[in-house]
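Please look at the sequence and the model first, then read on.

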Amino acid sequence: MNIILLGAPGAGKGTQAERIVATYGVAHISTGDILRKAVADGTELGLEAKRYMDAGELVPDEVVIGLARDRLAEPDCEAGFILDGFPRTVPQADALAMVLGELGRSLDAVVQIAVDKDALVKRLTARRTCRGCGKVYNLLIERPSQYDVCDVCGGEVYQREDDSVETVTNRLDVYENETAPLVEYYERKGFLRRVDGNQDPDAVFDDVRAALGD
Ligand code: AP5
Ligand code: MG
Ligand code: ZN
């Protein structure tokens with residue numbers, strides 16, 4: 001199964017991707033996670049990407065298209081993949097179609113997780129992430145038992161630099177301008193399935209499964 005998860009920052013793409021991977025055994029491709037790792041490792045890519053990410057702007061298309069192309073060619077994607085946070089612009093979506101064509105692969109579905117804007121701001125500013133294993137917490141629905149220590153790996157639980165109120169507002173504007181047009185783009189191609197993301201994560205996942213025909 002080859003799927004795209006489409007949704008605003010904070011819509012729950014990462015949260016649902018984790019459940020989809022556990023259920024369907026597909027590869028999880030998050031361009032945000034790949035970029036954050038490059039930033040943490042201090043690579044040249046990371047240094048370039050950091051200034052865009054910290055400002056809540058998109059990293060240039062040619063950079064992320066290259067990352068996605070390399071990742072999609074890795075062997076674990078043969079069992080299927082879930083794209084989380086890519087594509088995010090029309091040129092990225094066009095490039096994805098070309099890359100999949102070259103690889104002899106095709107998309108099965110684009111699942112849009114739709115969430116009200118007020119809820120997005122609340123979720124993002126309350127999100128906390130583990131630096132060690134990447135586990136995502138939320139001060140509103142799932143806190144670590146100790147303030148800044150991960151329950152899973154004991155790593156440091158921190159707030160993503162781009163989860164401050166100011167940057168969140170810009171990320172949501174960037175989503176509206178650059179990424180929201182992909183809803184119509186994939187609707188026209190007949191791939192789009194819309195899921196109500198304003199429910200608790202398990203209820204959202206039930207709807208994601210239904211949208212995937214499970
Ligand atoms: P990226 O890491 O992709 O961030 P994003 O799209 O802004 O999305 P988020 O990860 O913030 O939200 P999510 O939908 O995964 O929500 P989550 O499940 O964590 O990108 C970061 C940056 O990298 C971009 O700004 C850009 O600079 C760059 N970048 C990445 N890809 C790029 C691309 N293709 N092109 C160009 N630049 C790119 O949930 C959020 C919170 O809510 C969590 O705390 C969670 O616990 C909670 N939550 C989840 N579901 C629910 C629910 N149902 N109810 C209540 N709370 C919930
Ligand atoms: Mg995410
Ligand atoms: Zn951890």
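How far is an oxygen atom of ligand 1 from an N or O atom in the side chain of Arg127?

## Contacts with the ligand

The distance is 2.7 Å, between an oxygen atom of ligand 1 and a side-chain N or O atom of Arg127. Taken alone, ligand 1 exposes 1000 Å², and the protein buries 95% of that; accessible areas come from the Shrake-Rupley method with a 1.4 Å probe, and for residues only the protein chains shown count as cover.

Backbone atoms take part too. An oxygen atom of ligand 1 lies 2.8 Å from a backbone N or O atom of Lys13, and a polar backbone atom of Ala11 is 3.3 Å from an oxygen atom of the ligand.

## Basis of the model

The model is predicted: local features need pLDDT of at least 70, side-chain atom pairs count only at pLDDT 80 or more, and totals for chains, interfaces and linings use all residues. Residues are numbered from 1 along each chain as its sequence is written, chains are lettered from A and ligands numbered from 1 in the order in which they are written, and side-chain values use heavy atoms, with hydrogens and water left out.

## The shell around the ligand

Ligand 1 is surrounded by 35 residues, each with a heavy atom within 4 Å of it. The closest are Thr15, Glu57, Arg88, Arg127 and Arg171. By type, the shell divides into 14 nonpolar, 11 polar and 10 charged residues. Here Ala, Val, Leu, Ile, Met, Phe, Trp, Tyr, Cys and Pro count as nonpolar, Asp, Glu, Lys and Arg as charged, and the others, Gly among them, as polar.

Two or more residues of the shell come from each of helix H1 (13-24), helix H2 (31-41), helix H6 (117-125) and strand E6 (136-138). H2 gives the most, with 4 residues. Helices (H or I, at least four residues) and strands (E, at least two) are DSSP runs, numbered from the N terminus.

## Thr89

Thr89 sits in the loop between strand E3 (81-84) and helix H5 (90-103). Its relative accessible area is 4%, so Thr89 is buried (under 20%; exposed is over 50%, partly exposed in between, with a 1.4 Å probe and protein chains only).

The side chain of Thr89 makes a polar contact with the side chain of Asp61, at 3.0 Å. Such a contact is a pair of N or O atoms within 3.5 Å; within protein, one must be able to donate a hydrogen and the other to accept it, and residues adjacent in sequence count only if both atoms are side-chain atoms. A polar atom of the Thr89 side chain also lies 3.1 Å from the backbone nitrogen of Gln92.
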